[in-house]
Structure formats: structure tokens, C-alpha cells
Amino acid sequence: MAAREAAKSAQNLDELRVLLEGFEGCMLRMTATRLVFADGNPRGRVMFVGEAPGRDEDIAGLPFVGRSGKLLDLMMQAIGLDRGQAYIANVVPWRPPGNRTPTPQETAICLPFIRRQIELADPDILVCLGQPATQTLLGTKEGITRTRGRWFRYDTGRREIRALATFHPAFLLRSPLQKRLAWRDFLALKKALTG
Ligand code: URA
């Protein structure tokens, strides 16, 4: 409730970041080193959203800078994108201790903030990286192997945009054979951005 009110009151991304810096409703901030708000270009046409920062991100204060971030950069590069053209964030902006999965309650507390962040960034296409981001933002119940490669509608609050579910790069590092399918998703993304 407090999160929803706070998130709504932010009129731009800078205000949202400041609000989150001061938000005390999520206990993850106590164990995290710092807030990991976003990276890339908020004016980009595509926004990538992952689950939560890991150790490297917690240190840097930026999302996707560790091993999975390097893979994400390569995948973006392969379709002609870099962080100057894409905006990147996570559903949960603080690192859960020991990289554990955020609890449903932690996710629920953070949800109004990431929703507002998407609304304010106003991308044309939202890409959900992995099952947690996909289920949280797109309301799917099935696993990512069933939802990846599928296009969804996402209501930002301002308008409906297209949303694509794909594998999380951390999963691709563990299961490199699945990169073939992720590549298909990124080609579909490229087509949607250029077509
Ligand atoms: N995994 C995520 O979901 N987000 C990050 O920022 C890094 C790893």
C-alpha cells in the first residue's frame, strides 16, 4: 500500500529513484550494499527487466554487470543494440542476501515501483528476462520454457505495449544449448524494433 502510493507520486525516473533510495518498506535494503535502480538509456525503445541484482550488481549499483550481464550485452550486440539504446532494470532493486530468490512478499512490495519505472520509461517493447520477471510482470503461470518466444500485451498505465518473454542469461550460462532458442527470441525482438 505504502509502496503503491509512493510509486505513484514519482513524476519522473529521477524522482522514482530518490523515492526508492528512501523507501523503508522492503527489508532487503538492510542487507544490500546499495540500490540497483537501472542502467542504459531510459529513452530507448526497449526495456529489459530481470529478477534481482546479484553480488556484482550490488557492488556496482548497476543491473546486469556480472557474468550474466556480459552475456546480455553480447546478445544485445548481436542484434545491434547496446546500453545506449536500451534501458535495463530488475523487478527487485536490492540484492537478496546470498543471491537467494526474493520472497513473494518482497516481490509484491517492489512491484509498484518497477511498474511505475516501466510506465515512466515508456518503452515500445518490454523484454522479461527469465521466469520470475515474466510471471511477475506478465501474470503468466506457466514456466519460462513454455512462455519464452511468446509476445504479450503489457499495460503500462499509459498505453499497451508489446512484451516478450525470454530466458534469463544466467540460465543460458548454465544451459548453453538453450542459446539457440534465445537467439530466436532476440531475432524476433530485432524484427519488432525494425519492422
Ligand atoms: N540477474 C538479474 O536478474 N539481474 C541482475 O541485475 C543480475 C543478475
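Visitor: By class, what residues does the lining of the largest cavity have?

Guide: Rolling a probe the size of a water molecule over the atoms shows where empty space is left. Here the lining has 6 nonpolar, 2 polar and no charged residues. Ala, Val, Leu, Ile, Met, Phe, Trp, Tyr, Cys and Pro count as nonpolar, Asp, Glu, Lys and Arg as charged, and the others, Gly among them, as polar. A cavity is a set of points on a 1 Å grid over the protein atoms alone where a 1.4 Å probe fits but cannot get out, and lining residues have an atom within 4 Å of a point.

Guide: One caution: this is a predicted model, where local features need pLDDT of at least 70 and side-chain atom pairs pLDDT 80 or more, while totals for chains, interfaces and linings use all residues. Residues are numbered from 1 along each chain, and side-chain values use heavy atoms, without hydrogens and water.

Visitor: Which residues line the largest cavity?

Guide: They are L20, N90, V91, P93, C110, F113, I114 and Q117. Helix α6 (residues 104–121) gives the largest share, 4 residues; helices are DSSP runs (H or I, at least four residues), numbered from the N terminus.

Visitor: And at what angle do the axes of α5 and α10 cross?

Guide: Two packed helices are described by the angle between their axes and the distance between the axes. The axes of α5 (residues 67–78) and α10 (residues 179–194) come within 10 Å and cross at roughly 50°; axes are lines fitted to C-alpha atoms over the stretch in contact, with angles from 0 to 180 degrees between N-to-C directions. That makes α5 oblique to α10, as angles under 35 degrees count as roughly parallel, over 145 as roughly antiparallel, 65 to 115 as roughly perpendicular and the rest as oblique.

Notes:
1 Å grid on protein atoms, 1.4 Å probe; cavity = no way out; pocket = protein on both sides within 12 Å on 5 of 7 lines; lining within 4 Å. Helix = DSSP H or I, 4+ residues; strand = E, 2+ residues; numbered from the N terminus.
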